[in-house]
Amino acid sequence: SEGWGQTSLGDMPESCVAPVLLYLDPPEICLVARLNRAFRGAASADCVWATKLPANYRYLAALAAAADDDSSSDGSVEGNGRCSSSVATKKEKYARLCRPTPFDRGTK
């Protein structure tokens, strides 16, 4: 019993955790990310969120960015305080696409 020590889920490399997360839904991924540092890192990996984005996410993100630009040009501030052009990770892109996007000057 001497020598090896104790191991835990936190000892798993993120590269081993990420493929498992591919089978989970986004809300489940966010819950698992709360377990420990390895799961949190894997849950933020672009390879995990790339599978959750729709095929046309770039087009949809451009529409959302245009809507954000329209709403910020009239003095209103975006809900999360971030400019959509600064969205870098696929996780952030997924989160942005999940938020409502008002259009037609906020009437719809």
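**Terms and the values behind them**

Analyst: Trp49 and Tyr94 are both buried. The model is a predicted one.

User: What makes Trp49 and Tyr94 an aromatic pair?

Analyst: Ring centres must lie within 6.5 Å to pair. The centres of Trp49 and Tyr94 are 5.2 Å apart, so the two rings pass that cut-off. By this rule the count is 1 aromatic pair.

User: Why is the pair called tilted?

Analyst: Planes under 30 degrees apart count as stacked, over 60 as edge-to-face, and the rest as tilted. The planes of Trp49 and Tyr94 are 45° apart, so the pair is tilted.

User: How do you know that the pair links distant parts of the chain?

Analyst: Trp49 is in helix α4 and Tyr94 in helix α6, and 45 residues separate them.

User: Lys90 is also in helix α6. Why is Lys90 said to have no salt bridge?

Analyst: A salt bridge needs a side-chain nitrogen of Lys or Arg within 4 Å of a carboxyl oxygen of Asp or Glu. For Lys90, which is buried, the nearest side chain of opposite charge is Asp46, 5.6 Å away. That value is over the cut-off, so no salt bridge is counted. Lys90 does touch Asp46, and among its other contacts are Trp49 and Tyr57.

User: What makes the buried residues of α1 line one face of the helix?

Analyst: Val17, Ala18 and Leu21 are buried in α1, residues 14-21. Seen down the axis, the buried residues fall within an arc of 105°, so they line one face. What covers them includes α2, α3 and α4.

Definitions and conventions
Residues are numbered from 1 along each chain as its sequence is written. This is a predicted model: local features need pLDDT of at least 70, side-chain atom pairs count only at pLDDT 80 or more; totals for chains, interfaces and linings use all residues. Side-chain values use heavy atoms; hydrogens and water are left out. Helices (H or I, at least four residues) and strands (E, at least two) are DSSP runs, numbered from the N terminus. Buried means under 20% relative accessible area, exposed over 50%, partly exposed in between (1.4 Å probe, protein chains only). Lys and Arg count as positive and Asp and Glu as negative; His and the chain ends are not counted. Contact means heavy atoms within 4.5 Å. The arc is that of the directions from the helix axis to the C-beta atoms. Rings of Phe, Tyr and Trp (its six-membered ring) pair if their centres lie within 6.5 Å; planes under 30 degrees apart count as stacked, over 60 as edge-to-face and the rest as tilted. Lists of a residue's contacts leave out its neighbours within four places in sequence.
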